[in-house]
Amino acid sequence: MKILATITMMAGLAGAREIQPNSGPTVKQNVAVCMSPGGNATLVFQARIIASKIYAEIGVKIHWHDDPRDCVSPRDGIVITFSRETPADLHPGALAYASPFERTHIVLFHDRVMTATTPQMLPTLVAYVLVHEIGHILQGVARHSEGGIMKARWERVDFEEMRRGSLRFNSIDLILIHDGLDKRSAPKLSGGAVE
């Protein structure tokens, strides 16, 4: 019930923020993402370019770092690691997972992604998986949308949109991402005793 009320309230704020799919907000926000390319440097760099473009369209600048130590806390960034031998019972059917409440870590199931599509489509698929999981971290909530990038399970039509570069965030996801970014960048209040 709380989530529905929050989403309804955020939908009302959409007009005030002027956030709409495919037209970025007026305020640019920066996010550091740390991911060592490992043995797949070409694939990872191609995916980063695509992912950066998708986020740039919504006013978010991704700063990629190869060293995970550059992203040591949620305020410093997001750390993406690869699972190369993913157990079948770990998030069955998923290509990756994020820890949205912890707001720092993403695990990409490299072995599953590598077998999920054609070699030509791999950079695009990896990019959209990264964009989706970074979206979870930025939103800071565990939810999926009925359509778009934040959909729980992509179907053939979604993969076609990815191939064309036209799969995007829906309006609610844009609001949640920017609200989450605002919370990430807000100054932390120092604690004090309350009597």
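## Helix α2

Which residues are buried in α2? In this predicted model, they are Leu 43, Val 44, Ala 47, Arg 48, Ala 51, Ser 52, Ile 54 and Tyr 55. Viewed down the axis of α2, the buried residues fall within an arc of 160°, so they line one face of the helix. An α-helix has 3.6 residues a turn, so residues three or four places apart point the same way.

The face of α2 turned away from the buried side carries Thr 42, Ile 49 and Lys 53, which are exposed. Helix α2 covers residues 41–56, 16 residues in total. From its first C-alpha to its last it reaches 22 Å, close to the 22 Å expected at 1.5 Å a residue.

## Helices α4 and α6

Helix α4 spans residues 122–139 and helix α6 spans residues 171–185. Their axes come within 7 Å and cross at roughly 55°; α4 and α6 are therefore oblique to each other.

On the α4 side, the residues that meet α6 are Gly 135, Ile 137, Leu 138 and Gln 139. On the α6 side they are Asp 173, Leu 176, Ile 177, Gly 180, Leu 181 and Arg 184. The residues of this contact divide into five nonpolar, three polar and two charged.

## His 136

His 136 lies in helix α4. His 136 has a relative accessible area of 6% and is therefore buried. Apart from neighbours within four places in sequence, His 136 is in contact with Ala 98, Pro 100, Val 141, Arg 143, His 144 and Met 150.

Key:
Residues numbered from 1 in each chain as written. Predicted model: local features only at pLDDT ≥ 70, side-chain atom pairs only at ≥ 80, totals over all residues. Heavy atoms only, no water. Axes fitted to C-alpha atoms, helices over the stretch in contact; angles between N-to-C directions. Helix = DSSP H or I, 4+ residues; strand = E, 2+ residues; numbered from the N terminus. Parallel < 35°, antiparallel > 145°, perpendicular 65-115°, else oblique. Contact = heavy atoms within 4.5 Å. Nonpolar A, V, L, I, M, F, W, Y, C, P; charged D, E, K, R; others polar. Expected span 1.5 Å × (residues − 1). Buried < 20%, exposed > 50% of the residue type's maximum accessible area, 1.4 Å probe, protein only. Arc of directions from axis to C-beta.
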